[in-house]
Structures are given as structure tokens and as C-alpha cells.
Amino acid sequence: MLQSMLGALSADLAIDMGTSHTRIYVRGRGVVCCQASAVAIHEDGGGRRRVLCVGDAARDMLGRTPPDIRVVQPVRDGVIADFDVAEAMLRHLVLQVQGRRLWVGPRAAVCIPYGTPDMERRALRESAEASGAREVVLVEQPLACAVGAELPVEDARGHMVVDVGGGTTTVAVLSLGGVVHHHRIKLGGTHLDQAIAHYLREHHGLLVGPRTAEEVKLHLGGALPRVGGEALEVRGRAQDSGWPRATVIDGEQVFHAMAEPVRLIIDAVLSALEHTPPDLASDVAESGIVLTGGGAALRDLDRALGEATGLPVVVPDAPHCTAVVGAAALVDRPAPAPAVAV
Ligand SMILES: Nc1ncnc2c1ncn2[C@@H]1O[C@H](COP(=O)(O)OP(=O)(O)OP(=O)(O)O)[C@@H](O)[C@H]1O
Ligand SMILES: [Mg+2]
């Protein structure tokens with residue numbers, strides 16, 4: 001009764017704090033925030049720290065700041081590396097989506113990587129509470145992705161979800177509402193950007209920042225070779241002279257630049273399939289693979305994964321929001337009936 005009264009006075013939220021982006025879902029409004037996971041901090045001579053801005057505005061300052069301003073990306077490889085900054089970021093973003101302080105803090109579902117140790121769970125819960133949440137429910141990310149993709153996870157059948165995020169790729173097999181097999185590698189979209197920056201340096205003698213490399217990926221990136229097609233003028237700094245310079249790169253070159261990390265993502269899925277118990281593997285062979293996360297939007301990644309595994313691959317609508325939407329849905333579910341002792 002009290003809970004439902006409090007629920008009526010507050011807006012319930014789901015939060016997915018990822019390596020690249022933080023997303024917030026508000027019940028009744030949908031995904032209302034998708035901002036870069038970044039905070040710009042001003043440090044004065046006395047060691048006092050003040051948050052200047054958060055999200056995309058902070059990320060846009062990366063590589064452009066004077067010595068007294070630092071841009072911190074509090075999530076590294078899918079895991080919170082700086083809890084103080086993560087908490088400050090969350091507080092700002094939650095306040096932004098609510099527009100004002102509510103009488104009662106929201107109930108918040110927070111996505112966490114599968115297998116997060118107890119100490120980190122506790123720290124994350126405390127951070128979310130300090131950001132104003134009245135009640136915090138931690139939701140494991142593979143389950144959130146599966147529910148967000150509308151898979152019937154409660155069935156006694158295996159389902160495979162592959163989430164390609166900014167810093168990590170998670171492969172999970174789920175059955176009966178739980179994770180049966182899990183494999184996570186510290187490789188995601190950011191590493192594809194780094195591979196492109198590396199290629200431009202080695203083959204064009206051009207130094208570019210992470211934003212430029214990501215732009216190249218978004219325009220020309222693909223997981224399968226493409227003959228001909230578009231080309232892009234890329235601006236950066238010449239490695240030899242240090243002067244501003246431009247070069248032209250095409251889709252085929254970008255494919256070669258990214259080939260190795262793309263292969264590692266596909267290998268992670270093949271390895272997970274090899275280690276899946278036989279009955280569940282045969283379920284997955286029938287139902288196929290669901291590909292989520294921002295990286296799922298990489299051109300032809302679904303086709304490349306389908307060709308490598310021989311399985312159907314489905315990408316849900318808005319794959320980057322699948323986890324946060326699933327986390328919100330999970331919190332609404334009635335708790336399972338208690339088990340009867342036998
Ligand atoms: N159309 C696209 N093509 C290729 N990559 C894309 C596309 N759209 C987004 N991405 C990439 O997706 C990545 C971000 O994905 P997402 O937002 O799911 O990551 P995250 O949840 O913040 O990270 P993680 O789950 O690893 O902690 C970025 O590297 C971004 O460049
Ligand atoms: Mg993610």
C-alpha cells in the first residue's frame with residue numbers, strides 16, 4: 001500500500017550506465033536520456049573539485065581541455081571505475097530527466113554486468129541511492145537485454161543474446177529466467193574506433209582523435225568486405241610534420257582496419273556456442289541469436305555473425321536501448337512464487 005502510494009508520487013526509472021552511454025528510461029515516457037558517460041570536472045588550486053557539465057557536452061571537451069579541467073569517463077570496460085564521478089553523473093542526469101526534485105525519490109532499476117561481485121553491487125546500490133533513488137533494484141544485463149528483446153526467457157528453452165557495447169561484448173545463454181552460460185570480453189565499439197585510428201596512423205601517417213575515428217566507423221564501417229562504395233575525407237594531424245592535414249579513406253580500407261576486432265567479437269560467440277550445454281545449444285540453433293547494444297548497428301555484423309555460426313541473427317529495433325527497456329520491464333514483473341519444499 002505504502003509502496004503504491006510512493007509509486008504514484010515518484011517516477012520510476014531504469015538506468016543503464018554503459019562504457020559509452022548512460023541511458024535512462026522513465027515509466028510512461030520511454031527512454032528520455034541517452035548521454036555520453038562523461039563528466040567534466042574543474043579542479044582549483046586548493047584541490048576542490050566542481051562538476052562543470054555531464055554527458056555529451058563533457059565528452060565533446062575530451063582532448064580540448066585546459067590543465068584545470070578534466071574529463072572523466074567513470075565506466076571502463078563495462079564496470080564503474082570511479083564511483084564518486086559516476087554518482088555525480090547519475091545525480092545530474094536523473095535531475096535533468098525529472099526537471100525538478102520530486103517529493104519522493106524514484107524506484108530505480110539499475111543494469112549491472114552479470115556476476116558483479118557483492119562489494120561492487122553494494123557500492124552501486126549506494127551510488128544510486130545517493131543520486132536520489134528511494135529503492136534500487138539491480139538487474140543483470142544479459143537478462144535485461146533478453147527481456148528488452150521480448151524473448152520468452154521464463155521458458156525451459158535456451159536463448160542466446162549477444163550485446164556489443166562500447167567497451168565490452170557479452171554473450172549469454174538464458175533459460176528458465178536465468179543465465180546458464182556467460183562469456184564477456186573487454187572489446188566493443190571503442191576498440192573498433194581505436195583500430196581505425198591505428199590504421200590511419202600506420203597507412204596514412206595521420207593522427208586522429210577518438211571522435212573522428214568513431215565518425216569514420218559510423219559512416220564507412222562494416223563487418224563484411226565491400227568493394228567500391230563511399231569514401232570520406234578525414235582531418236587530423238600529420239604524424240611527421242605535426243601540421244593539420246586531411247586524407248581520404250574508403251569503406252574497403254575501413255573494413256580491413258576493423259577486421260581483427262570484428263573477428264574477436266565473432267570468435268567470442270563461437271566459443272560461447274562451443275561451451276553451451278548440448279540441449280540448450282540445439283534450442284539456440286533453432287531460435288537463433290539476438291544481437292543488441294550500439295555495436296549491433298554496425299553494418300553487416302548480423303550477416304557476418306550469421307555466416308560464421310550458420311544461425312539466424314535478429315537485431316531488435318533500437319538495439320542500443322534494449323538493456324534499459326528490459327530492466328524497466330523486469331522491475332514491473334511480479335516476484336516468482338516461492339519454491340515449495342520437497
Ligand atoms: N551505426 C553504428 N555502427 C557502428 N557502431 C555503432 C553504431 N551506432 C553506435 N555504435 C557504437 O556502439 C557503441 C556504443 O554502444 P552502447 O551504447 O550499447 O555501449 P555501452 O552500453 O555504453 O557500453 P558497454 O555495454 O560496453 O558498457 C559505440 O562504440 C558506438 O560507436
Ligand atoms: Mg551496454
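The model is predicted, so local features need pLDDT of at least 70 and side-chain atom pairs count only at pLDDT 80 or more, while totals for chains, interfaces and linings use all residues. Residues are numbered from 1 along each chain as its sequence is written, chains are lettered from A and ligands numbered from 1 in the order in which they are written, and side-chain values use heavy atoms, with hydrogens and water left out. Helices (H or I, at least four residues) and strands (E, at least two) are DSSP runs, numbered from the N terminus.

**Burial of β12**
- Seven of the seven residues of β12 (residues 169–175) are buried, so the strand is largely enclosed by the rest of the structure; buried means under 20% relative accessible area, exposed over 50% and partly exposed in between (1.4 Å probe, protein chains only).
- In a regular strand, side chains alternate between the two faces of the sheet.
- One side of β12 carries Thr169, Val171, Val173 and Ser175, the other Thr170, Ala172 and Leu174, and both faces are covered.

**Partners of β12**
- Strands pair if DSSP finds at least two bridges between them; β11 (residues 159–164) and β12 pair antiparallel over six bridges.
- A four-residue hairpin links β11 to β12, and Val161 sits opposite Ala172.
- On to β13 (residues 178–185): seven bridges join this strand to β12, again antiparallel, with Thr169 opposite Ile185.
- Two residues separate β12 and β13 in their hairpin, where Leu176 takes a positive phi near 50°.

**Helix α10**
- Buried residues of α10 (residues 301–309) are Leu301, Ala304, Leu305, Gly306 and Thr309.
- These buried residues pack against β11, α8 (251–274), β17 (289–292) and β18 (313–314), where contact means heavy atoms within 4.5 Å.
- Just after α10, Gly310 has a positive phi of about 75°.
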